[in-house]
Amino acid sequence: MNIVVCVKQVPDTTAEKRLDANLRLDRASVDNIINPFDEYAIEEGLRLQEAHGGEVALLCMGTESAQETLRKGLAMGADRGVLVTDPALAGSDAWATSYVLAQALKRMSYDVILCGMQTTDSGTAQVPGGVAEFLGLPQLTWANKVEISDGKATIQRQSDAGYDVVEAPLPVVISVIKGINEPRYPSLKGIMQARRKELQIWSLDDLGISQDMVGVLGAKTKVLGYSRPAPRAKGQLIQEDSQTAATRIADFLVQARVL
Amino acid sequence: MYRLADAQRMLQAVVRELAQEKIAPRAAEIDDKGEYPWDMKELLARQDLLALPFPEKYGGTGSDLFTFCLVVEEIAKVCASSSLIVLVQALGSFPILIAGTETQKQRYFPKLASGDWLAAFALTEPGAGSDAAAMKTRAVLEGDHYVLNGSKCFITNAGIAQVYSVFAMTDPHKGVKGISAFIVDADSPGFRLGKIEHKMGIRGSQTGELVFDNCIVPVGNLLGNEGDGFKIAMMTLDKSRPGVGAQAVGIAQGALDYAARYAKERVQFGAPIANLQAIQFMLADMAMQVEAARCLVYEAAARVDAGEKGITMSSAMAKCFAGDVAMRVTTDALQVLGGYGYMKEYPLERMMRDAKITQIYEGTNQIQRLVIARALLASY
């Protein structure tokens with residue numbers, strides 16, 4: 001069973017992010033990491049491979065520096081990586097990203113395409129669905145459990161109330177939530193092997209994609225402005241003896257309609 | 001100036017994450033209970049971090065000393081006891097790496113590299129600390145085996161390790177030239193664990209006495225030739241001291257990190273104490289010392305890796321300077337926290353206790369100065 005995991009390089013979640021003059025994220029000013037949600041997708045891919053065999057490939061769209069992100073995934077144990085990079089991709093929105101990933105996936109072999117449920121930078125969670133649409137595949141999103149058997153995938157789809165059990169025939173696009181598993185740390189041998197694994201770099205030309213489909217030219221969304229989120233209101237500190245404190249907390253929860 | 005290779009940078013980042021997420025939460029408990037942290041040993045083995053010193057053909061990663069130091073430093077930032085697991089796997093194995101035959105390497109390295117076996121280095125005796133020539137443990141050749149009698153003390157991993165590099169006198173008349181080195185298996189007849197020490201710091205590392213009571217060691221377990229022991233021990237320490245320096249740098253950096261964050265949060269006189277110059281100057285002094293120690297450690301490790309001559313002096317400098325820095329910086333970092341620093345609820349008092357050993361083991365810092373001065377004066 002062949003698995004492709006889509007990954008993205010994002011700014012370090014702890015770093016302060018800045019927008020440039022075009023209201024795009026200034027990626028040069030911060031350290032980059034692998035999108036934390038994607039680590040769960042890679043781990044899930046590796047576990048599916050351990051159970052069903054086949055290959056785990058990583059697919060990433062990003063700048064040259066995203067090679068480091070791919071190397072980290074290869075160090076975790078993925079077999080090979082593909083980076084789609086092209087100056088014309090700068091400014092691509094979720095639609096264009098989904099389109100490019102889908103075009104790249106058409107050149108790869110897959111039974112299961114795994115994605116993190118969203119990225120920590122733009123956070124739209126639209127790309128897994130977009131990829132599935134462009135490829136005409138079923139999409140199973142927000143999985144907190146994945147099982148593959150008899151040519152179909154069954155997931156537990158997390159919701160506020162609990163989870164739904166959803167299934168779809170392979171090939172399928174699955175997005176996984178944080179906490180579906182505990183991503184492994186790359187071992188030292190994994191890190192050493194990662195340097196020797198295949199990492200292909202594809203341009204838009206390689207994929208036969210015209211430049212006006214992607215980047216700023218192809219964007220179907222436009223950022224009009226931005227504002228900082230309101231600072232979080234100060235918490236309420238309850239300092240009483242435990243009996244009184246418990247009552248006050250219970251009252252508070254009733255007021256908030258949690259209880 | 002040092003620059004990390006891509007793989008080293010990734011390893012450093014991964015070990016940092018591992019240390020912060022998996023080791024740091026255990027550090028206080030490991031110290032408090034004073035028990036060997038088998039879970040940490042398993043974790044480090046799984047990540048191949050016990051495989052660092054061993055060549056790839058024996059299942060190791062064939063990593064250089066520089067890379068080894070990076071790993072030790074990251075772990076020591078959060079838990080000195082856990083960093084010692086990595087350090088001693090190398091220390092106990094260096095004699096085999098330096099003087100071992102192909103047969104000996106094949107027998108011991110694969111299981112040491114995987115972490116199935118742990119190693120220990122046994123040189124010190126009650127009456128022979130800095131003065132190795134005063135060693136009393138005897139080894140007498142009887143047919144196809146040696147018979148060892150005597151004891152070793154303050155041995156890290158005593159009772160934990162399966163493989164011990166043991167130094168014993170084969171010819172007491174020759175002083176240090178009568179010392180030989182042996183590989184002793186934990187299950188050798190006549191070999192047993194003596195007293196286990198109760199220590200000030202590195203409390204998660206087991207330190208104890210080894211007793212040799214007509215202990216049988218096959219001739220095939222002699223390292224090098226009879227009389228090579230002291231040379232093997234000194235070559236081992238030349239290679240291992242940068243690692244102790246890296247441990248000291250890690251402890252110091254961990255303390256500085258904690259103190260700096262605390263200073264930005266702790267409010268006195270209506271503002272964070274980090275705004276006070278008295279605190280700023282302390283932090284600046286600490287940062288300078290840690291950075292200088294790190295540079296000495298990396299330089300010493302790089303020289304060992306390059307196979308340069310005269311590594312004895314740079315290794316001694318790195319270990320000595322970094323150890324002294326760790327002691328001073330942890331003391332000052334604790335001071336930044338004031339009364340809180342003195343409390344067990346905060347990690348500074350542990351770091352200060354852990355720092356102390358880096359001035360003592362693998363040759364006291366007084367011995368390091370002697371080594372440095374000898375090498376220095378010989379060059380004039």
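Which residues in H3(A) are buried? In this predicted model, the buried residues of H3(A) are Trp95(A), Ala96(A), Thr97(A), Ser98(A), Tyr99(A), Val100(A), Leu101(A), Ala102(A), Gln103(A), Ala104(A) and Leu105(A).

## Helices against the sheet of chain A

Helix H3 of chain A, residues 94–105, is mostly covered, with 11 of its 12 residues buried. From its first C-alpha to its last, H3(A) reaches 16 Å, which is close to the 16 Å expected at 1.5 Å a residue. H3(A) lies across E1, E4, strand E5 (80–84), E6 and E11 of chain A, and it runs at about 145 degrees to E4(A).

Helix H1 of chain A, made of residues 36–52, also lies across strands of chain A, namely strand E1 (3–7), strand E4 (56–61), strand E6 (112–116), strand E7 (139–149) and strand E10 (172–176), running at about 150 degrees to E6(A).

In chain A, 9 strands form an open sheet with mixed pairing, and their order is E9-E8-E7-E10-E6-E1-E4-E5-E11. E9 and strand E11 (199–202) of chain A stand at the edges, and because each has a single partner strand, one side of each is left without a neighbour in the sheet. On average, and with direction ignored, neighbouring strands of this sheet are turned by 30 degrees against each other.

E7(A) and E8(A) run antiparallel and are joined by 6 bridges. The hairpin of these two strands has 2 residues between them, and there Asp150(A) takes a positive phi near 50 degrees.

## The contact between chains A and B

The contact between the two chains takes 11 residues from chain A and 12 residues from chain B. On the side of chain A that touches chain B, the elements giving two or more residues are helix H2 (66–76) and helix H5 (188–194) of chain A. H5(A) supplies the largest share of that side, with 4 residues. Sorted by class, the side of chain A that touches chain B holds 6 nonpolar, 1 polar and 4 charged residues.

## A residue of chain B

Met235(B) is placed in helix H6 of chain B, which covers residues 229–265. Met235(B) counts as partly exposed because 18 other C-beta atoms lie within 10 Å, whereas a buried residue would need 20 or more. Met235(B) and Gly159(B) are separated by 76 residues in sequence, and their C-alpha atoms are 25 Å apart in space.

Key: Residues numbered from 1 in each chain as written. Chains lettered and ligands numbered in written order. Predicted model: local features only at pLDDT ≥ 70, side-chain atom pairs only at ≥ 80, totals over all residues. Contact = placed C-beta atoms within 7 Å. Nonpolar A, V, L, I, M, F, W, Y, C, P; charged D, E, K, R; others polar. Pairing = 2+ DSSP bridges. Axes fitted to C-alpha atoms, helices over the stretch in contact; angles between N-to-C directions. Expected span 1.5 Å × (residues − 1).
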